[in-house]
Amino acid sequence: MATDGAADRRRPPPQTLSAGNNGNCVMSLSNRLRLMPNKDHKAESYEDLEQLEFSPLLFSSLERYLPPTMLNASRDLKLQYMRDILLRYSPESERTRVQRHREYRQKIITHYQPLQRELYTLQAEKFFVPSFLRAISENTEDSFRSILSEPSPGVYTFEMLQPDFCDLLVTEVENFQGWVHETNFRVMRPNTMNKYGCVLDDFGLETMLDKLMEDFIRPMSKVFFPEVGGSTLDTHHGFVVEYGIDRDVELGFHVDDSEVTLNVCLGKQFSGGDLFFRGVRCDKHVNSETQSEEIFDYPHVPGHAILHHGRHRHGARATTSGRRVNLLLWCRSSVFRELKKYQKDFSNWCGECKREKKERQRQSIAATKLEILKINGQTA
Ligand SMILES: [Zn+2]
């Protein structure tokens, strides 16, 4: 299989893999919010409220942007205030889509009988390996570095999930797929490119995955992905994908609709299926050439996680035998997405913006040198 730069240049441009119908909650900051958050303000939890149009986490993260007079208002008032702003920026069609999706989820949750109930509430000791738990509870860059490796810049791998948890999750997914098949339910696939697999958030695992993102992925992202909103991750899209001869075989070159992506192999027995990475890019540079130092391939190991920038261009090679199941968590930051709208230079994370900036600096230094030589020449 070709992994050289020349083959990359022939590679078709990466697609943006999006959640399709599952949507995306991007909010706009209006002049009724402050540009800078009040860092000392402790935001309330909105998790207990049912039937919110927007994610409870979104309200919690938005709260610190409220004007000072609103910060100490009652939770209901704050909710109303933030809801008004969010609705103003969310078009009718988007609201209809959100409403339909809520009804879709409701239909599943009323009729689907979960098999492994213990999966639906996060139980850290049962889910995670001890080394991962220790590193997270210490919550320092050193503790994270002690359990992970960074085989290529911006790609972090570490052992994360207990084998028993992986098995339970796969069994639950199989049970859900069985129910979908039996009842002929028209199920939504996880994204625009995978034909197999399912959205975990749609059948009741949203709260558990929210907690996983908040308590376990955000602390690491805060350290390793600060330039793309790693510390303000507030929404997620959680799903599993299945690869094999009778499933999706491979996945084309793409970028994810996420700021930070967590990808954990759940098993089972398989060969092939390596991930290939080809550099982080902003929207403008998504099709630009790969530099040789950006080429990186990663073989999956069951229970092991890989954490990368969502805009890190990648794909999955063919799973040549057996069956591979992976858990994906696309973590998003509404604040980062909003601020990104007003920026053009992404040289703090886009490989190509960085290269262009260096080139501009090189040219400017060369020009200055030439000027100095000229002046010296004249005065000599
Ligand atoms: Zn760029």
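This is a short chat about a predicted model.

Me: Which residues does the "domain: Fe2OG dioxygenase" annotation cover?
Reply: Residues 234-333, according to an unreviewed UniProt entry.

Me: How much of that span is helix, and how much is strand?
Reply: The span is 0% helix and 62% strand. The C-alpha atoms at its ends, residues 234 and 333, lie 5 Å apart.

Me: Which strands does S7 pair with?
Reply: One is S11, residues 304-309, joined to S7 by 5 bridges. Another is S13, residues 319-332, with 7 bridges to S7. S11 runs antiparallel to S7, and S13 also pairs with S7 in the antiparallel sense.

Me: Which residue in S11 is the bridge partner of asparagine 263?
Reply: Isoleucine 306.

Me: And in S13, what partners cysteine 265?
Reply: Asparagine 326 is the bridge partner there.

Me: New topic. How many residues are in the largest nonpolar core?
Reply: It has 54 residues. Val240 and Val264 are among those with the most contacts inside it.

Me: Which helix gives the most to this core?
Reply: Helix H10, residues 206-224, with 7 residues.

Me: Back to valine 240. What does it touch?
Reply: Leaving out residues up to four places away in sequence, valine 240 touches Val173, Gly197, Cys198, Leu200, Val325, Asn326 and Leu327.

Notes
Residues numbered from 1 in each chain as written. Predicted model: local features only at pLDDT ≥ 70, side-chain atom pairs only at ≥ 80, totals over all residues. UniProt positions renumbered as here; feature names shortened; annotations may be inferred. Helix = DSSP H or I, 4+ residues; strand = E, 2+ residues; numbered from the N terminus. Pairing = 2+ DSSP bridges. Core = buried A, V, L, I, M, F, W, Y, C linked by C-beta atoms within 7 Å. Buried ≥ 20, exposed ≤ 12 C-beta atoms within 10 Å, placed from the backbone. Contact = placed C-beta atoms within 7 Å.
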